[in-house]
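Okay, thanks for having me. Have a look at the screen for a moment, and then I'll walk you through what I found.

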Amino acid sequence: MVAPKKASGVKALFRTTAVRLSALYLLLFAACAAFLVFYVTSMSLGLLRDQIRETVAQEATEIQQVYDRGGMNGLLRALERRARQPGANLYIIASPSGEILAGNVLSLQPGVLDQEGWTTAPFRYERYGDEGKSERHAALAEVFLLPNSLKILVGRDLGEPESFRGLVRQSLVVALGIMGIGALAIWYLIGRNALRRMDRMSDASQRIMDGDLTQRLPVGGSGDEFDRLSESLNAMLGRIEKLNEGLRQVSDNIAHDLKTPLTRLRNKAEAALAGKTEPAEFRESLSEIIAESDQLIRTFNALLMISRVEAGSAVAEMGPVDLTQIVADCVELYEPAAEDAGLSVKAEIAPGVQVTGNRELIGQALGNLLDNAIKYAEGTDEGRIVVRLAREGEAALVSVADNGPGIPAEHRADALKRFVRLDKSRSKPGTGLGLSLVEAVMEVHHGTLGLDATIGENGMEHGLTATMRFPAGAAGSTSLP
């Protein structure tokens with residue numbers, strides 16, 4: 001299989017979702033920042049101009065009062081004194097025709113003195129000492145008439161607001177520049193990191209596609225979307241690997257374990273043909289052949305059931321089931337068989353336990369555990385089986401304990417494998433698939449199957465306790481509808 005080509009460099013960065021999202025957020029933030037700064041600047045300039053208008057209007061009122069008290073001479077002295085103060089306003093006394101007679105302004109933009117009241121817009125003027133310079137200043141002013149028809153202009157230079165505007169704009173440019181450089185650096189680093197992670201995931205995926213199912217996608221430990229995706233895919237790969245391993249085991253075990261019963265079938269058929277032709281002997285041989293065939297059919301049925309369970313074909317039938325009733329029915333069903341084998345059955349069943357699951361699968365799994373318990377506890381002294389259903393927090397536990405020979409701790413994991421039979425003499429009937437089916441059923445229910453030694457009243461270990469644990473969230477005590 002040909003591996004896909006890897007993109008490299010800046011072009012590859014632009015193809016990553018992280019970089020594209022970073023670029024989008026950067027542009028959005030820059031636009032919002034620019035809008036906010038311009039909005040704040042405009043509001044601040046408006047506030048400054050309102051303050052200028054208020055100050056100029058107050059001073060114009062004071063000048064009128066000075067004229068009323070001291071006449072023209074008093075007005076000239078007051079304006080001269082005010083004009084010499086630091087940061088003085090603009091003062092002009094002009095003739096009715098608009099000719100400047102006195103003040104601290106050399107020239108005005110034409111038309112400023114033509115109308116009384118506030119100037120509609122900032123106007124340009126020239127100060128004393130600015131002759132020959134191209135620099136011109138802007139101001140706002142109020143024009144009013146004296147009783148002798150002379151025009152008085154009181155204004156304020158807009159240099160401070162304009163300087164403020166320039167400073168804010170310069171700060172904006174610098175801030176956006178620094179932010180842009182930092183964002184590009186972060187953008188590049190995030191993009192490169194995302195690209196490296198994607199390359200590692202691509203390499204691992206390629207090895208998996210080449211057949212190495214032991215490979216896993218890298219998990220960085222940051223808990224981001226890449227890690228969550230890798231963990232989900234790794235869980236899926238683990239499941240696939242386990243199913244493939246089970247398939248290989250089934251293939252090997254079928255070839256090994258089914259060869260013996262097929263050989264017996266052939267030998268019995270051959271012996272029947274080669275023997276005497278007595279009807280009773282033929283019937284006996286046919287009965288033995290049918291018994292061997294039934295055992296083969298049970299084996300294949302168990303294999304099909306395990307395959308269907310592991311493939312999840314029964315998951316769609318999940319629903320609320322009464323676990324208390326299922327356990328009680330199974331105990332009632334297997335109690336006669338246990339009594340025929342000389343065993344006593346004790347049931348300790350908690351009432352009202354409900355789980356989300358498949359009734360048939362749970363019943364089949366519990367039946368397998370009871371069948372194993374009866375088979376291996378038969379013939380023991382004071383043979384007994386104890387079936388328990390209990391709650392452990394929000395979980396539900398179903399256990400089947402017997403006092404048979406049990407399973408050594410080092411062999412319990414092997415007992416869950418298909419076709420594995422720890423009875424080396426094969427004296428007990430069975431296929432070696434019972435516990436495998438129970439484990440598959442519990443995996444479908446997101447639960448576990450545990451095998452432990454049975455602890456007797458004397459504190460000694462004897463027998464086996466198989467426990468099906470239904471996880472928290474799947475168990476409850478709500479009554480069924």
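So, what is the mean pLDDT of the protein chain? The mean comes to 77, and 78% of the residues reach 70 or more; pLDDT, as you know, is the predictor's confidence in each residue, from 0 to 100. That tells you this is a predicted model, and local features need a pLDDT of at least 70, side-chain atom pairs count only at 80 or more, while totals for chains, interfaces and linings use all residues. Residues are numbered from 1 along each chain as its sequence is written, and side-chain values use heavy atoms, with hydrogens and water left out.

Now the overall picture. We have ten helices and 15 strands; these are DSSP runs numbered from the N terminus, H or I of at least four residues for helices, E of at least two for strands. Of the 481 residues, 36% are buried. Buried here means under 20% relative accessible area, exposed is over 50%, and partly exposed is in between, with a 1.4 Å probe and protein chains only. The accessible surface is about 28200 Å², and 57% of that belongs to carbon and sulfur atoms. Those areas come from the Shrake-Rupley method with a 1.4 Å probe, and for residues only the protein chains shown count as cover. As for contacts with a separation of 6 or more, 64% of them are between residues 24 or more positions apart.

Let's go to helix α2, residues 17-83, where you'll find Phe35. Phe35 counts as exposed because its relative accessibility is 60%. Which residues make the nonpolar surface patch there? They are Phe35, Leu36, Tyr39, Val40 and Met43, and together they cover about 550 Å². For the rule: patches take residues with over 30% relative accessible area and no salt bridge, joining like charges within 9 Å and nonpolar side chains (Val, Leu, Ile, Met, Phe, Trp, Tyr) within 5 Å. While looking at that pattern, remember that an α-helix has 3.6 residues a turn, so residues three or four places apart point the same way.

On to charges. A salt bridge here is a side-chain nitrogen of Lys or Arg within 4 Å of a carboxyl oxygen of Asp or Glu, and the count comes to seven. One of them pairs Glu59 with Arg82 at 3.0 Å, N to O. Glu59 is buried because its relative accessibility is 8%, and Arg82 is buried as well, at 16%. Arg82 also meets Glu62, at 3.3 Å, N to O, and Glu62 is partly exposed at 30%. Then there's Arg84 with Glu80, at 3.1 Å, N to O. Shared partners join Glu59, Glu62 and Arg82 into one network. Back at that other pair, Arg84 is exposed at 59%, whereas Glu80 is partly exposed at 48%.

How many disulfides are there? Zero, by the rule of a pair of cysteine sulfur atoms within 2.5 Å. Among the cysteines, Cys32 is partly exposed at 44% and Cys330 is buried at 8%.

Next, helix α10, residues 434-444. Is that helix mostly covered or mostly open? Mostly covered, with eight of its eleven residues buried: Leu435, Ser436, Leu437, Val438, Ala440, Val441, Met442 and Val444. Just after α10, His446 takes a positive phi of about 60°.

Two last stops. Thr467 sits in strand β14, residues 461-470, and counts as buried because its relative accessibility is 16%. Setting aside neighbours within four places in sequence, Thr467 touches Leu397, Val398, Ser399, Thr448, Leu449 and Gly450. And Gln115 is in the loop between β3 (105-108) and β4 (117-118), exposed at 58%. Gln115 and Glu142 are 27 residues apart in sequence and 9.5 Å apart in space, C-alpha to C-alpha.

That's my tour, so over to you.

Note on methods. Contact = heavy atoms within 4.5 Å.
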